[in-house]
Amino acid sequence: MVGREWGEFAFIPPSGIHGERIELPPEESHHLFRVRRVSVGNEAWITDGEGTVYRCRVISPQALEILERRKEFGEPRVPIILCAAVLKGDGNRELVDLATQLGATQVVFFHAAHGEGRLNETKIEKLHRTAVAALKQSGRARLPQIGVKRNLSDLLNDLPEDGVRFIAQASRDDAKLESKPPGPSEKSAILLVGPEGGFTAEEMTMALDHDFRQLVLAYRRLRSQTAAAAGLAFILEWIGECRVLG
């Protein structure tokens, strides 16, 4: 597993951090001591989900001593927004899990014309718990914000104006490939992924009218979750976070 030398992570919101001491709620104490086998005297890492990771020493099953603070630990160089059509079944949970691991700072769902899934407040709360688990797994400072829009039009009208925009395009032999951009000068990167049934012609036109650039990921048809993972990996490489050493 990549990055295990960092130690075990737990999630404590800022309200649980008091000066140089962190109080562990029962569920996180159980996670560290029972699941991850951390002992008193060991080091552990705490993320507050709002931009700071704390390297700590365990002083009891209920408390940690802060040794070091690291701002924006594990965060991408620019904010990454994943916009995805609502999926059915476990698709939304899988998408939030991989998006959190791959550095998305925001996941915004929308109901697409060809989409079959639906999201309500109960399901969104479950997705939040999925994001927390992935946050601890990946070891990063910010918990992605999760939201849902009524349709693609509402989503597009609510996106930040600054930022490069990509729409995951189904592969075709006649797809026009653009040269790779030299690197981001924008303040954010946005990836738009459609449902399993694809975008309608109207939705595609709408996205292109909002300055989205078509991103061809492969000459194969991908599931929405796979397209999201591939697109996020492309963005990470594009901003210089994925590279070959040696």
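Reader: In strand 4, which residue is the bridge partner of Ala10?

Author: This is a predicted model, where local features need pLDDT of at least 70, side-chain atom pairs count only at pLDDT 80 or more, and totals for chains, interfaces and linings use all residues. Residues are numbered from 1 along each chain as its sequence is written, and side-chain values use heavy atoms, with hydrogens and water left out. Strands are DSSP runs of E, at least two residues, and helices are runs of H or I, at least four, numbered from the N terminus. Across from Ala10, the bridge partner in strand 4 is Ile46.

Reader: How many bridges join strand 1 to strand 4?

Author: Two strands pair if DSSP finds at least two bridges between them. Strand 1 and strand 4 (residues 43-47) run parallel, and the number of bridges joining them is 3.

Reader: Helix 3 packs on that sheet too, so to speak; what angle does its direction make with that of strand 1?

Author: Axes are lines fitted to C-alpha atoms, for helices over the stretch in contact (heavy atoms within 4.5 Å), and angles run from 0 to 180 degrees between N-to-C directions. Helix 3 (residues 121-138) touches strand 1 and strand 4, and its direction makes with that of strand 1 an angle of about 150°.

Reader: What is the strand order in the open sheet with mixed pairing?

Author: Its edge strands are strand 1 (9-11) and strand 2 (17-18), each pairing on one side only. The 6 strands come in the order 1-4-5-6-3-2.

Reader: And which residue in strand 9 stands opposite Val108?

Author: Strand 8 (residues 106-110) runs parallel to strand 9, joined by 5 bridges. Opposite Val108 stands Gly147.
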